[in-house]
Amino acid sequence: MTAPPRLLVSACLLGRPVRYDGGHRAFDSARLADWVAQGRAIGFCPEVAAGLPTPRPPAEIADGADGAAVLDGQAAIIEPYGRDVTAAYRAGAEAALDLARREGCRLALLTDGSPSCGSGFVYDGSFSGQRHAGMGVTTALLRAHGITVFAPAEFEALAVAMAPDPQA
């Protein structure tokens, strides 16, 4: 019998105060709460895992790039006054991948917009609130290793993917 799918979840979506501003983005879902209670969903924050403090300055991927460009060494993640925090974000992405592999997570639910976890959009590096289609560095690394990443707006599709295999 095949085990039901496991899920890596942005800790901020589980209500943990790990965002750059010390807040969270709790995603209110009975299904998600059930998956956590069943041990099928594991919360994780790449930035905290990499040793960044909470709160911390906001960060964006520079020059309108995205996480794939960061992984390729073609873009940097910067704070508003120019401090390059790329190494920390890459380390957090690696830690997320390591945890997903260790825990058997084939799926992830990550918060959109983040330079780590964005899957549909990220901010453009101008710190002006402008966003563009793209993904964060953690999402890019997970996807490169076959892990399917969903944003909260795609929760219904995730719920289908999380359903136990009826053939198992």
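Is Asp63 buried or exposed? With a relative accessibility of 77%, Asp63 counts as exposed, where exposed means over 50% relative accessible area, buried under 20%, and partly exposed in between (1.4 Å probe, protein chains only).

## Basis of the description

This is a predicted model, in which local features need pLDDT of at least 70 and side-chain atom pairs count only at pLDDT 80 or more, while totals for chains, interfaces and linings use all residues. Residues are numbered from 1 along each chain as its sequence is written, and side-chain values use heavy atoms, with hydrogens and water left out.

## Overall fold

The chain contains 6 helices and 8 strands, taken as DSSP runs (helices H or I of at least four residues, strands E of at least two) and numbered from the N terminus. From one end of the sequence to the other, these elements follow the order β-α-β-α-β-α-β-α-β-β-β-α-β-α. The chain is as compact as a globular protein of its length, because its radius of gyration of 15 Å is close to the 15 Å that the globule rule gives for 168 residues; the radius is taken over C-alpha atoms, and the rule is 2.2 Å times the number of residues to the power 0.38. Along its principal axes, the C-alpha trace spans about 50 × 30 × 25 Å.

Of the contacts with a separation of 6 or more, 65% join residues 24 or more positions apart, a contact being heavy atoms within 4.5 Å.

## Surface and charge

Of the 168 residues, 48% count as buried. The chain exposes about 8000 Å², of which carbon and sulfur atoms supply 52%, with areas from the Shrake-Rupley method using a 1.4 Å probe and, for residues, only the protein chains shown counting as cover.

There are 14 positive and 18 negative side chains, and the centres of these two sets lie 6 Å apart. Lys and Arg count as positive and Asp and Glu as negative, with His and the chain ends not counted; each charge is placed at NZ of Lys, CZ of Arg, CG of Asp or CD of Glu.

## Nonpolar cores

The largest nonpolar core has 28 residues, and those with the most contacts inside it are Leu8, Ile77, Tyr89, Ala108 and Leu142. Such a core is a set of buried Ala, Val, Leu, Ile, Met, Phe, Trp, Tyr and Cys residues joined through side-chain atoms within 4.5 Å. At least two residues of this core come from each of β2 (41-44), α3 (67-71), α4 (86-103), β5 (105-109) and α5 (137-144), and α4 gives the most, with 7 residues.

Apart from neighbours within four places in sequence, Ala108 is in contact with Leu7, Leu8, Leu142, Ile147, Thr148, Val149 and Phe150. A second, separate core has 17 residues, among them Leu7, Cys12, Leu32 and Leu158.

## Loop residues and backbone features

Arg19 lies in the loop between β1 (6-10) and α1 (30-37), and at 17% relative accessibility this arginine counts as buried. Leaving out residues up to four places away in sequence, Arg19 touches Cys12, His24, Arg25, Thr54 and Arg56. Thr54 is also joined to Pro55 by a cis peptide bond, with omega about -5 degrees, and Pro55 is placed in the loop between α2 (46-49) and β3 (60-61).

Asp63, in the loop between β3 and α3, has a positive phi of about 60 degrees although it is not a glycine. Phe127, likewise not a glycine, has a positive phi of about 55 degrees; Phe127 is found in the loop between β6 (121-123) and β7 (131-133) and is partly exposed, with a relative accessible area of 27%.
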